[in-house]
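Visitor: I would like to learn how to read a model of this kind, feature by feature. Please take each idea in general terms and then show the case.

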Protein chains: 2
Amino acid sequence: MRFSAADSADQSVLVTEVGTRDGFQVEAEFIPTESKAAVINALIDAGVRSFEATSFVSPRAIPQLADASQLMDLIERKPGVRLTALVPNARGAERAAAAKVDMMACFVSASESHCQANLNKPIERALADVAEFVPIARQFNIPVRGAIAVAFGCPFEGDTPVDSLLRIADTYHELGVRHLSLGDTTGMATPPVVERAVDALQRRFSDMEIALHFHNTRGVGLANVMVGLQMGIREFESSIAGLGGCPFAPGASGNICTEDLVYLLQESGYQTGIDLDRLCEVARQVESLLGRGLPGQVMKAGQRLRKFTLDGARRAVG
Amino acid sequence: MRFSAADSADQSVLVTEVGTRDGFQVEAEFIPTESKAAVINALIDAGVRSFEATSFVSPRAIPQLADASQLMDLIERKPGVRLTALVPNARGAERAAAAKVDMMACFVSASESHCQANLNKPIERALADVAEFVPIARQFNIPVRGAIAVAFGCPFEGDTPVDSLLRIADTYHELGVRHLSLGDTTGMATPPVVERAVDALQRRFSDMEIALHFHNTRGVGLANVMVGLQMGIREFESSIAGLGGCPFAPGASGNICTEDLVYLLQESGYQTGIDLDRLCEVARQVESLLGRGLPGQVMKAGQRLRKFTLDGARRAVG
């Protein structure tokens, strides 16, 4: 019944920052490569140890991420920091290897409609492309992470059957992939949906590390994290300041917010190795960079035990 | 380990709407009484069965709620709908009784500094005032609910010791109060803090119903609801559209959002008796009423299984 980490053997949680990929890719205006690198470098300084930094998809598909190679060059590499990039095929894998990524992420949608809309090919073909590039990654000794999009529901098809997840995860597993990331691409995950999916995957594989990637499109992103924590998940993907969005829900939130996630984890007794105050500074810098307010809460409210004076309160109230 | 209600004997959850009190009271511009009543009446039509509708504090203290009696008159009363009002003292109790509230809520802060700032009196004196008005409520056969502000932390004093909660709850209990509401006034609740407080109160009292009142100031409001659900709590207080705010955190969210809470509950198998689509309509009406966007997510994103077409998606993306 307890939520805090005090009873858990494993209190360490890996937070993977995806803001410069999943967040920035929905920004219409091109963000200078130097600014993207500055965000990642500042996050590394704040203690973030894992990134989905960019994507080696076709520059024509996502112009915002066309600078993937240059971005990798500008990141100040540090031991213990893992830089992952999305890779759609063999050509992307060659580019990613040349850019010295620490991990490649392959990705397939759990529904045919979304796979077609997102990758412009059916699931079978997407999996064949993954099978083609995994040996390239292996050749460069770069581990591969397998992502599944719309893992908790598809905006075109509705519920995602657990069997669809198992089918893709089976293929990943056969290819030697041992890291799985379940993506809540349009924010359809709920506690029972998460529980059902994670339970099925944990039962099927004893040797797959599972990460959860939630969006806060319907406000329940951190509630879903609570489910993951209780099921033993120790890696979550999030965006600094709550970057990102959902093309189907104008005005709705994007990915769960890194600093709010870290706040929840640390207050619940988990260790992330991240300095929350510095993380909030970076979040505010990202607001400045984009020139608008972003959904993150802790960067506005401050740490839990931040003290106020009565006088200050009256001023604030009045 | 399971979060869904499927394993629970009691799947019914009471959602108490506090937006017209806790939300509206931070609005600088006076909201016409008719508009306030329209919000409550629309929520009743959507299936909401419990409200903290207003407050019978001194009109000078909170001008926005100076229309408490008139507001009560404009609400279309229905059987099974409970209209609660905050009551600070005997005079407020007389006014509330005359306005035919279904329940009175007394309130005391768990910290001396906040009690002084909020009620302008020490805790001892605030409890004495409660002791004075409870017999008046009893005389009118109106049940009293006991609220504790800053129950999970105080912006002036930091952590709220569990003993402070027990002391106030003991006094309430001696006065015959059997409904307790723990208020996270400035959004300092976290999973372990909630767990500790609720556990202590559940151990002390076998005959007190406990409601939880969370703010989303630091983004973890619904994560805290998850803790409450797992501990058997079956009443939560929230604001339509996520109304409200925190005087200490400009730009931060207010109360947890009613429609997002109802979404989480219903998707997790709990019954609230509320029509989520109609609730979202009211949330959008409240945005129009205040002339600005509000934090609620589900009103923007829609129901979980809302379907999109590929064509619509491409248009939305492009």
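Visitor: How are residues, chains and ligands labelled, and what limits apply to the values?

Guide: Residues are numbered from 1 along each chain as its sequence is written, while chains are lettered from A and ligands numbered from 1 in the order in which they are written. This is a predicted model, in which local features need pLDDT of at least 70 and side-chain atom pairs count only at pLDDT 80 or more, whereas totals for chains, interfaces and linings use all residues.

Visitor: What is the mean pLDDT of chain A?

Guide: pLDDT is the predictor's confidence in each residue, from 0 to 100. For chain A the mean is 93, and 95% of its residues reach 70 or more. Residues 314-318 of chain A have pLDDT below 50, and beyond near neighbours in sequence this stretch has 3 contacts in the model; two residues are in contact if their C-beta atoms, placed from the backbone, lie within 7 Å. Where pLDDT is low, the predicted coordinates should not be read in detail. For the complex, the predictor gives an ipTM of 0.95 and a pTM of 0.96.

Visitor: How many residues of chain A are in contact with chain B?

Guide: There are 53 residues of chain A in contact with 53 residues of chain B. Helices (H or I, at least four residues) and strands (E, at least two) are DSSP runs, numbered from the N terminus. Helices that each supply at least two residues of the side of chain A that touches chain B include H5 (112-119), H8 (191-204) and H10 (258-267) of chain A. The largest share of that side, 5 residues, comes from H9(A).

Visitor: Which strands pair with E3(B)?

Guide: Two strands pair if DSSP finds at least two bridges between them. Strand E2 (residues 50-55) of chain B runs parallel to E3(B) and is joined to it by 5 bridges; B:Ser50 has B:Arg82 as its bridge partner in E3(B). Strand E4 (residues 103-109) of chain B also pairs with E3(B) in the parallel sense, over 3 bridges, and B:Leu86 has B:Ala105 as its bridge partner in E4(B).

Visitor: What is the hand of the β-α-β unit made by E3(B), helix H4 and E4(B)?

Guide: A crossover is right-handed if, with the strands pointing away from the viewer, the path from the first strand over the helix to the second runs clockwise. E3(B), helix H4 (residues 90-98) of chain B and E4(B) make a right-handed unit.

Visitor: Is strand E3 (residues 82-86) of chain B mostly covered or open?

Guide: A residue is buried if 20 or more other C-beta atoms lie within 10 Å of its own, exposed if 12 or fewer, and partly exposed in between, with C-beta atoms placed from the backbone. Strand E3(B) is mostly covered, as 4 of its 5 residues are buried.

Visitor: Which residues have the most contacts inside the largest nonpolar core?

Guide: A nonpolar core is a set of buried Ala, Val, Leu, Ile, Met, Phe, Trp, Tyr and Cys residues joined through C-beta atoms within 7 Å. The largest has 209 residues, and A:Met104 and B:Met104 have the most contacts inside it. Leaving aside neighbours within four places in sequence, the contacts of B:Met104 include B:Ala85, B:Val87 and B:Ile142.

Visitor: Where is A:Asn141 placed, and is A:Asn141 buried or exposed?

Guide: A:Asn141 sits in the loop between helix H6 (123-139) and strand E5 (144-149) of chain A, with a positive phi near 65 degrees in a residue other than glycine. A:Asn141 is exposed because 7 other C-beta atoms lie within 10 Å.

Visitor: And is A:Ala241 buried or exposed?

Guide: A:Ala241 is not a glycine either, yet has a positive phi of about 70 degrees. A:Ala241 is buried because 29 other C-beta atoms lie within 10 Å.
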